[in-house]
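Please consult the sequence and the structure shown below while reading.

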Amino acid sequence: MNRIALLGQPNSGKSTIYNNLTGARQHVGNWAGKTVEKNEGTYTYDGTDYSVTDLPGSYGLSGNSDEEVITTDFIQSGQSDLTVVLVDASQLERSMFMLAEFASLDQPAILVLNMMDVAEEMGKTIDADALAQKLGIPVLPFNATDTKDYVKLKKLIADELKTPHKLATAAPEKQGTIKADSQAKFDWVHTLLADVTTSGDSFYQMSRLDRLMTRPILGKVICLVVVLLAFLVAMLIMAPFMGIGQMIPRLLHDPVDHVLSSWHVHPWITSIFSTMLPNVLFFIISMASFVFGVNIVFGFLEETGFIARAAYQFDGPLSILGLQGKAICPMLMSCGCTIGGACGTRVMDNWGQRVLTMAIVWAIPCGSLWSIIPVISGMFFSWWQTLLVCVGVLAYVVITMLLVSKVFRNKLAPKEKQGGMIMELPPYHKAHWKHILKEAFLKAWDIFKRAFGTVTLVSILFYVLSFSKDGNIDHSLLYRLGTLIEPVTRFFGMGWRTFLAFVSGAFAKEAVLGTLNATIMGNRSLMEATFLAKTATADPSALGSTMASVISPAEALAFLFATTFNVPCLMALSTTYKESHSLKWTARIGLFYIGNALILSCIVYHVASLFM
């Protein structure tokens, strides 16, 4: 198979080209022994198969970062037959630094001038033929969002594999020094481009919007407002799909139950097909539709250049957590839904930063939790005490973020491999909606396919534990397990009722009230309380009057904190696993949150018991 390597700096459009070349035929993992994402895929052109390796995005090849070492070793090892070097045509002199680094490797290559449309909008012209003549390798003007350009790219790759070319222009390393410094490389690039490029502006003038966006305080406020508006737009996009998904359990439950019951199918199997599977399908559709909406808004913000400005504003504060400034976007999206936060980590530059960001955004209570915390708190406490509970939750969010960073950053984003962020703000340009919609659909469809099996398997396990033939919760395995270990859960501040609600909350936070209603009021099975949580809710007023008689205020407070800082819902866990491509790290993060929630619950319960 013909082996192609894609080489380029971050934000050069490399991932877009990789996705358009390989489509759904991709394999994602990690490089051996490194927390750096490895992307490999295939495509077919004119009856011939091609293998594509998307090398880690980096600003050069002479540094010591994992990304640069992996990229340099891969190219030098001869594992690729051709290297496609990608540069940003709108920022050509800066982007060509990668080519100056690559020139010393003496490998077959082609140069792709991506974002030519942006360069033209800025009044810049590039004589690709003259540049190709100087370099000795083909130079292709390109627009990664234009599907017609891929025919030219595939043909050029096929031709070059038959008759490969290497750089004819000497690299800086070959000009009298053993190791040329960065200035020598920039001088090499400047000389190379001297008579092949022209610019419409003799010097750069910062736009009025950028003068606002780069202010220390106002810029942060603008970024926060834009991301929150983006979340609202994502919810609006999600709403119709979620509405369709919500109809599935209602439409299928009664007909399926009637048909299977008339066939004398065992009630256990009947409930799987009439209750559990339709709701699992609803959960997955909701998750995929949110992923679709999030990727549309993030695709728009990234293409227009907003993400880079948000990264500039929040890089300093987030460096305390070991994160880049880009992490502010998924963190804010998690205020609405942890699924959106996990998917939003795709804007991060490397795998380690992505997983660390996912671990930290789990600490942020989602919208569903904020609909539960005041309700349960209001059953036991006055309005001002409920306000204090909410403030306490927010304070511990910060503490949890710091704890997560302390525990995981040395493995995922070690301090010795971090540095100050040096970046050039990309120019604003129009979004390519056809490309954004296509990418969003592919990612949502991928999440739907991959998550369906995971969510179904775990749901069946929980279903087996929570099922009882007569619907009586006292006859379920989960009840027996809960009452058996109640002496242990009591130490952590939860009785069997609140513990079962704690467990069901890991499936869907909306299930918490339904589970409490089932265990306290006894008018619903635990399975229905969990899997029908999104389509039917408990009556808080009726539940509250009875709940206060069987649960103490100290236990209720401990339960609130335990549920808030427990692992997110099952769909969020599944999304984290699919986005990180690591069951090991998803399990590590999950165990940390479960342990953190139980320890916190224990402390809150025993301290509150002294005063209540």
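His264 counts as exposed, because its relative accessibility is 72%; buried means under 20% relative accessible area, exposed over 50%, and partly exposed in between (1.4 Å probe, protein chains only). This residue lies in the loop between α10 (218–262) and α11 (267–304), and has a positive phi of about 60° although it is not a glycine. Helices (H or I, at least four residues) and strands (E, at least two) are DSSP runs, numbered from the N terminus.

Met115, also not a glycine, has a positive phi of about 65°. Its place is the loop between β6 (109–114) and α5 (116–121). With 17% relative accessibility, Met115 counts as buried.

## Basis of the model

The model is predicted: local features need pLDDT of at least 70 and side-chain atom pairs count only at pLDDT 80 or more, while totals for chains, interfaces and linings use all residues. Residues are numbered from 1 along each chain as its sequence is written, and side-chain values use heavy atoms, with hydrogens and water left out.

## Strand β5

In strand β5 (residues 82–88), seven of seven residues are buried. Leu82, Val84, Leu86 and Asp88 are on one side, and Thr83, Val85 and Val87 on the other; both faces are covered.

Two strands pair if DSSP finds at least two bridges between them. Strand β1 (residues 2–8) pairs with β5 in the parallel sense over five bridges, and Ile4 stands opposite Leu82. Strands β5 and β6 also run parallel, joined by six bridges; Thr83 has Ala109 of β6 as its bridge partner.

## Salt bridges

Side chains of opposite charge can pair when their charged atoms come close. A salt bridge is here a side-chain nitrogen of Lys or Arg within 4 Å of a carboxyl oxygen of Asp or Glu, and the count comes to 10. One of them joins Lys14 and Asp54, whose closest N and O atoms are 2.7 Å apart. Lys14 lies in helix α1 (residues 14–22) and Asp54 in strand β4 (residues 48–54), so the pair ties together parts that are 40 residues apart in sequence. Both residues, Lys14 and Asp54, are buried.

Helix α7 (residues 149–162) holds Lys152 and Asp149, three residues apart, about one turn of the helix; their side chains meet in a salt bridge (4.0 Å, N to O). Asp159 forms a salt bridge with Lys155, with the closest N and O atoms 3.1 Å apart. Glu486, Arg490 and Glu555 are linked in a network of salt bridges.
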